[in-house]
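Reader: Hi! Could you walk me through the aromatic contacts here?
Author: Happy to, let's have a look together.
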Amino acid sequence: MSDNGSPMQQKPEDGQQEHLNIKVTDNNNEVFFKIKRTTQLSKLMNAFCDRQGKNMQSVRFLFDGQRVQPGDSPDTVCAWPSTLLPSAGSNQC
Amino acid sequence: LTSHDFGTLLPHMFNGDAKGWLNDNIINEYLEILVNYAQRQEGYVYVRGKGGSTPPVHAFKSQWYTSMKGNPSGTARWARPMHLFGEKLLACNLVLIPICHHSHWRLIAIKPKDRLIEYYDSLHGSGREYTQLAKEWVREVLQKQFVEEEWSICTNQRSKAQANASDCGIFTLLNALVLLRGEEHNRVLVTNGMDDARLRVAATLL
């Protein structure tokens with residue numbers, strides 16, 4: 001009934017200023033990407049789908065429960081600088 | 001939303017599969033529209049980041065279920081940007097969660113002020129698995145503020161029953177609609193195919 005697949009997208013803390021380590025997971029597989037804050041997420045979505053053999057139309061990417069679109073970048077998605085959430089665990093950006 | 005999505009709602013008009021099983025895009029988008037409207041009615045304005053206040057109502061995406069199964073604490077964190085994390089949750093009237101599992105749509109309603117979890121299913125399942133998962137989510141969100149004895153799960157099924165094997169998605173949406181309006185669930189009129197309701201949902205989406 002629902003189109004299948006819903007990889008969750010999570011962003012571990014940023015190690016350096018410009019690059020973020022981003023984990024994309026569907027709860028079975030995990031793929032890590034290192035991208036800039038301004039990089040469009042479409043790159044990462046395409047790479048993830050390629051690697052998992054999935055069709056882009058059949059998957060949904062979410063960050064903290066909100067849909068993320070291919071045209072988004074970490075800058076547009078994340079309103080929570082890591083400094084504001086010291087105790088939130090490793091998956092905040 | 002694409003014509004493929006609308007094909008799941010109005011299969012005859014959009015060349016979709018005749019079963020008319022709603023997909024997640026239709027469900028999530030419609031609930032978002034309803035919730036945004038309800039929030040505006042209450043004068044709520046969402047502010048990103050610090051300084052934002054708790055919304056009177058909120059709906060999570062249907063991916064909540066798969067996420068919750070794999071990563072409960074991560075899914076609890078979905079509440080944070082929505083200003084529903086920790087004791088803030090208790091200031092909210094209604095949290096809606098649509099769930100699609102085993103090719104069937106159902107709706108969880110959490111009423112934090114009443115410390116109540118409800119389950120709406122047009123095939124009248126008990127939904128124990130889903131209400132327990134919702135309670136687990138509440139526990140993860142409230143953390144130290146969670147008092148087990150305060151919370152109850154309503155086992156009284158109030159959803160109308162669907163008349164065929166295709167309309168569970170529509171019932172899920174209509175049950176959300178009457179909840180948001182504070183109406184009774186017998187307001188939902190049952191027909192085979194729910195054609196009027198499907199058109200109404202489509203009109204709202206457009």
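**Rings and their neighbours**

Author: To start, B:Arg80 lies over the face of B:Phe85, 4.2 Å from the ring centre. A charge counts as over a ring if NZ of Lys or CZ of Arg is within 6 Å of the ring centre and within 35 degrees of the ring normal. This is a predicted model, where local features need pLDDT of at least 70 and side-chain atom pairs pLDDT 80 or more, while totals for chains, interfaces and linings use all residues. Residues are numbered from 1 along each chain, chains are lettered from A, and side-chain values use heavy atoms, without hydrogens and water.

Reader: And what lies over the face of B:Trp21?
Author: That is B:Lys19, at 4.7 Å from the ring centre.

Reader: Switching to ring pairs, how many aromatic pairs are there over all chains?
Author: The count is 8. Rings of Phe, Tyr and Trp (its six-membered ring) pair if their centres lie within 6.5 Å; planes under 30 degrees apart are stacked, over 60 edge-to-face, the rest tilted. One of them, B:Phe60 with B:Trp137, is edge-to-face, at 5.2 Å centre to centre and 70 degrees between the planes.

Reader: Nice. Are B:Phe60 and B:Trp137 buried or exposed?
Author: B:Phe60 is buried at 3% relative accessibility, and B:Trp137 is buried at 0%. Buried means under 20% relative accessible area, exposed over 50%, partly exposed in between (1.4 Å probe, protein chains only).
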